[in-house]
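Please look at the structure first.

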Amino acid sequence: MSGKIGLGWLVSLFVLASCSVRTAKTNAVQGDTVTFRYAEHITMVRYKGYTKVTLTDPWKSGRVLHTYLLVPKKAPLPPHLPKGTVVRTPLRRTVVFPTAHCQLLYAIGSPEAISGVTDLKYILIPDIHRRCALKTGPMKVTDCGDAMAPMIEKIIETRPDAMIVSPFENSGGYGKIEQIGVPVIEAADYMETSALGRAEWMRFYGLLFGREQAADSLFGVVDSTYRALKRIAMKLPRGRSILTERKTGSVWYCPGGRSTIGQLIADANGAYAFADDRSSGSLALSFEQVLDKAGETDVWAFKYNGKRPLSRRDLLAEFHGYASLKAFRTGEIYECNCSEVPFFEEVGFRPDCLLREFILLAHPGTPLGKLRYFSKLNE
């Protein structure tokens with residue numbers, strides 16, 4: 001987080017961080033269940049010789065997406081293992097598809113475990129690019145191509161212990177990468193309905209990479225920081241209203257009221273035109289619907305990928321209807337150029353940083369420093 005924060009607030013924040021890591025367990029009949037405070041789509045139970053991790057299907061209630069059996073590499077396979085994908089831990093060589101998980105491995109101290117990546121051109125981690133340029137060596141990272149059509153031969157060359165991929169509804173599987181013979185870790189964390197729920201999955205990834213304590217400690221900081229920021233926001237007067245994203249073709253995809261973005265705006269004590277909506281996904285709306293419901297929103301903040309900053313003229317050239325928005329008329333437009341700003345690298349597992357951002361947008365002048373991801377649009 002950038003900017004200066006009061007010393008007293010920092011002291012209280014770190015006191016909270018020191019006591020908030022959720023590592024409590026409850027004894028089950030056959031194993032110890034690891035307690036998750038926020039995550040709804042993952043369960044972990046420790047048994048003698050292995051840990052069973054169950055991912056529930058976020059798209060089909062009551063169904064299991066995947067079951068993993070984590071067994072230490074130095075130990076023999078326990079007899080009579082239940083059905084599931086065996087993963088020998090800690091992972092040492094991994095092809096990581098989502099950029100957020102690459103950043104997480106740096107955060108928990110396992111960057112050397114990244115042996116391959118996809119969509120390199122979209123990754124804003126300088127060390128990954130440096131390592132991709134290496135010819136050989138233990139820190140070499142291989143560019144495995146496009147995430148939607150990865151180069152199988154490149155993946156095989158990395159000799160991975162596992163691959164971390166993002167699952168999608170009705171994807172039909174992962175094609176040829178499932179035939180390589182190494183575990184596919186389905187990173188369904190992004191389907192959690194709360195920002196802290198998604199971030200809590202880092203405890204699973206920490207277990208995979210032998211960095212359980214580091215991941216638990218980091219999540220403790222994220223959890224307590226988030227809650228401390230929320231308390232600050234709730235003591236402020238009701239903040240400005242915020243509209244996110246922009247029109248794509250004929251559709252404007254607005255976060256549902258129960259989506260992570262919708263909840264982040266609420267936790268920032270800001271207003272959101274679709275707060276009463278009960279959807280946890282995106283709302284596919286026409287511009288007319290957005291204008292009718294959110295046209296008088298105070299702040300418009302959106303993400304994009306571009307080679308240069310946008311201007312109001314650029315937005316009008318894209319769609320003249322933007323001129324009808326109050327935020328356009330008042331100049332309260334904020335952009336996040338994801339080709340230059342590490343938004344996707346960071347916020348998935350650091351929702352506290354994004355909450356701080358929304359507090360600053362909803363409550364300008366709050367002494368929490370400067371914006372990190374968004375910047376006011378040039379005239």
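## Cavities and packing

By class, seven nonpolar, one polar and two charged residues form the lining of the largest cavity. Ala, Val, Leu, Ile, Met, Phe, Trp, Tyr, Cys and Pro count as nonpolar, Asp, Glu, Lys and Arg as charged, and the others, Gly among them, as polar. This is a predicted model: local features need pLDDT of at least 70, side-chain atom pairs count only at pLDDT 80 or more, and totals for chains, interfaces and linings use all residues. Residues are numbered from 1 along each chain as its sequence is written, and side-chain values use heavy atoms, with hydrogens and water left out.

A search of the whole structure finds two cavities of 30 Å³ or more. A cavity is a set of points on a 1 Å grid over the protein atoms alone where a 1.4 Å probe fits but cannot get out; lining residues have an atom within 4 Å of a point. Points are joined across faces, edges and corners, and a volume is the space filled by probe spheres set on them.

| Cavity | Volume | Lining residues |
|---|---|---|
| Largest | about 50 Å³ | Thr244, Glu245, Ile261, Ala301, Phe302, Lys303, Phe343, Leu354, Phe358 and Phe374 |

β18 (299-304) and α13 each supply at least two residues of the largest cavity's lining. The largest share, three residues, comes from β18. Helices (H or I, at least four residues) and strands (E, at least two) are DSSP runs, numbered from the N terminus.

The second largest cavity draws at least two lining residues from each of β3 (42-47), α6 (202-208) and α7. Its lining divides into three nonpolar, no polar and four charged residues.

How do α7 and α13 pack? Helix α7 (residues 212-234) and helix α13 (residues 351-362) meet at an angle of about 15 degrees, with axes 8 Å apart. Axes are lines fitted to C-alpha atoms over the stretch in contact, and angles run from 0 to 180 degrees between N-to-C directions. α7 and α13 are therefore roughly parallel (angles under 35 degrees). The contact (heavy atoms within 4.5 Å) involves residues including Val222, Tyr226 and Leu229 of α7 and Leu355 and Ile359 of α13.

Two backbone details remain. The peptide bond from Thr89 to Pro90 is cis, with omega near 0 degrees. Pro90 lies in the loop between β6 (85-89) and β7 (94-96). Asp119 is not a glycine, yet has a positive phi of about 55 degrees. Asp119 sits in the loop between β8 (114-117) and α3 (126-132).

Key: Angles under 35 degrees count as roughly parallel, over 145 as roughly antiparallel, 65 to 115 as roughly perpendicular and the rest as oblique. On a 1 Å grid over the protein atoms alone, a cavity is a set of points where a 1.4 Å probe fits but cannot get out, and a pocket is an open set with protein on both sides within 12 Å along at least five of seven lines; lining residues have an atom within 4 Å of a point.
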